[in-house]
Amino acid sequence: MKYVFDETKFVVLDCEVYRNFVMIALKNINKEEIIRIEIRGSESSISEKNRVLLKKILSSRHTFGFNSINYDIPIICAMLQNYKVSDIFKVSDYIVNTRIDGRKVKSWQTMNHFDFNFPDRFVHF
């Protein structure tokens with residue numbers, strides 16, 4: 001089987017997390033448009049419309065980003081599992097401040113700690 005490189009499927013992503021605001025930005029490398037999915041308010045969670053949109057993008061594109069495996073992927077999992085912004089902030093705090101054997105936590109450790117499921121058909125590097 002030969003892999004056909006399709007550059008239209010590559011999307012860079014980045015998440016930003018604050019106590020009362022969460023955002024994921026996604027940009028196809030061949031287009032100028034940036035898709036932003038925002039959640040405002042510490043007790044708010046992702047809307048169903050945005051959850052569907054995010055799942056659609058993640059299942060149909062190849063995503064990548066800086067430090068995204070250890071940070072952004074667990075944050076995205078929290079968003080998709082309907083975590084409130086205040087709880088997503090706790091996940092972020094865990095990722096940033098937790099050390100295991102003197103090293104920053106890896107995505108699988110965060111995923112296990114919070115019992116996250118990896119999104120279906122998600123291709124990320």
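Analyst: Let's start from methionine 79. Skipping its neighbours within four places in sequence, methionine 79 is in contact with Val22, Ile24, Ile37, Ile39, Ile46, Arg51, Leu54 and Ile88. Keep in mind that this is a predicted model.

Now zoom out to the core. The largest nonpolar core has 31 residues, and Met79 is among those that touch the most other members, along with Ile24, Leu26, Leu54, Ile75, Ile76 and Ile88. At least two core residues come from each of β1 (10–18), β2, β3, α1 (48–60), α2 (68–80), α3 (85–97) and α4 (107–114). The top supplier is α2, which gives 8 residues. As a general point, nonpolar side chains in soluble globular proteins tend to be buried together.

β2 (residues 21–28) and β3 (residues 34–40) run antiparallel, with 7 bridges joining them. A hairpin of 5 residues connects β2 to β3, and lysine 27 has isoleucine 34 as its bridge partner in β3.

In one of them, tyrosine 83 and phenylalanine 116 sit edge-to-face, 5.3 Å centre to centre with 65° between the planes. Tyrosine 83 is in the loop between α2 and α3, while phenylalanine 116 is in the loop between α4 and β7 (123–124), so this pair ties together parts 33 residues apart in sequence. Phenylalanine 116 is buried, at 7% relative accessible area. Ring pairs also link Tyr83 and Phe116 with Tyr94 and Phe114 into a cluster.

Key: Residues are numbered from 1 along each chain as its sequence is written. This is a predicted model: local features need pLDDT of at least 70, side-chain atom pairs count only at pLDDT 80 or more; totals for chains, interfaces and linings use all residues. Side-chain values use heavy atoms; hydrogens and water are left out. Two strands pair if DSSP finds at least two bridges between them. Helices (H or I, at least four residues) and strands (E, at least two) are DSSP runs, numbered from the N terminus. A nonpolar core is a set of buried Ala, Val, Leu, Ile, Met, Phe, Trp, Tyr and Cys residues joined through side-chain atoms within 4.5 Å. Buried means under 20% relative accessible area, exposed over 50%, partly exposed in between (1.4 Å probe, protein chains only). Contact means heavy atoms within 4.5 Å. Rings of Phe, Tyr and Trp (its six-membered ring) pair if their centres lie within 6.5 Å; planes under 30 degrees apart count as stacked, over 60 as edge-to-face and the rest as tilted.
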